[in-house]
Amino acid sequence: MTQNSPPGHRTLREILSQPETWRETSRRLSADGTLDRLKRAFSADRPWLFVGCGSSYYLSQLVASLWGRHLHIRASAVTASDLLFSPEETLWRAGADQMVLISRSGETTEVLRAAELLKSPAPPRTLSVTCNGQTPLAALCTHTLALPWADEESMVGTRSLTSMLVAFQRLGLAFAGDPGMEAALDALPDRGRAFLQASAGRIQRFAEERRFTDFIFMGQGPRYWLAQESALKVMEMSSSYAQAYHTLEVRHGPRAIADRDTLITLLASEASLDEEIRVLAELRRAGAATCLVARRATEAARESSDLLIELGDDQPEPAQHAMSAVVAQLLGVTIGIRKGLDPDRPHNLTRAVVLDR
Ligand code: F1P
């Protein structure tokens, strides 16, 4: 790729390549025995602590939430900085002796420091999950799960995050089998490709045609962490102001910013669909534009949204999170380009935060 490629070209290409990286992730992890190896080294019966920064922190929270909710594996997550600043309290709260350090680059200083801290006095079982196996992080951990095929040329992480999510979903299933979820992850690459064919153009056109200055992403349960990741993508790629809330929390103050310059995106969950759509409808009546990502297009879903993205209702919900994450990636890259920015080279960002040590 030359330096002269059009703005956002690389990022967009990587966003659209995700179904293939999901396929590769599932194929490699079972073909090379990684899942069996990790299943033998770690335990589903002991608590886990996930650690990361930025997108890797949101992924940590998302996976901890999904493992607990669907697989009954006890897991929690912290930022690397919280572990560094208050290690005793953090480790006591988590009660974990299996640590997962997530870093796409494997170079983020805070994560490296956290891995160093965990080595003493008694080294626990530590798993580094990264898209670059040849990093200092891997050297500091007892085990490594590397997904180099999912790494990006771009600065902003897109397919790396969703592919690490698929890897964690596969690992969770290795511990606590769920045939329905296994089948849904097998089908995910084809579903993802069909989803992009049906929805990518609609999301891009919507983001090109409408002008927004503020963005709110809403979700409940695990989707709250997807909402955080979504807001970060829009911030990074389009230098816009984006926030994330638990859906029903938006009534408790944030709705004050809802007007015609605000885009509010709901990542809806089936269990709370009616309640969440009520919030979305209220915000639309307050003047905001609304985007709804949901399993099915009910009448209320259609009435409350300017852009409705359907995921399909014939797959388990956790198998759809990777596809849900793509919506904000496409919004971010399209809005960044429309604002005259280059999402391949976001303002003030580096690929990883590497500090003087
Ligand atoms: C973590 C991270 C990214 C963010 C930014 C700085 O990177 O916070 O999520 O987009 O570019 O670094 P990593 O530890 O996952 O490599």
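A: A polar contact is a pair of N or O atoms within 3.5 Å; within protein, one must be able to donate a hydrogen and the other to accept it, and residues adjacent in sequence count only if both atoms are side-chain atoms. Here a backbone N or O atom of T350 lies 2.8 Å from an oxygen atom of the ligand. Taken alone, the ligand exposes 390 Å², of which the protein buries 91% (Shrake-Rupley accessible areas, 1.4 Å probe). This is a predicted model, in which local features need pLDDT of at least 70 and side-chain atom pairs count only at pLDDT 80 or more, while totals for chains, interfaces and linings use all residues. Residues are numbered from 1 along each chain as its sequence is written, and side-chain values use heavy atoms, with hydrogens and water left out.

Q: What lies 2.6 Å from an oxygen atom of the ligand?

A: That atom is a polar side-chain atom of S56. A polar backbone atom of R104 is 2.8 Å from a ligand oxygen atom.

Q: How are aromatic pairs read, and how many does a search of the whole structure find?

A: Rings of Phe, Tyr and Trp (its six-membered ring) pair if their centres lie within 6.5 Å; planes under 30 degrees apart count as stacked, over 60 as edge-to-face and the rest as tilted. The search finds 14 aromatic pairs. The ring centres of F42 and W48 are 5.3 Å apart and their planes are at 25 degrees, so this pair is stacked. Both F42 and W48 are buried (under 20% relative accessible area, 1.4 Å probe, protein chains only). One aromatic cluster is formed by F42, W48, F50, W67, F168 and F175.

Conventions: Buried means under 20% relative accessible area, exposed over 50%, partly exposed in between (1.4 Å probe, protein chains only).
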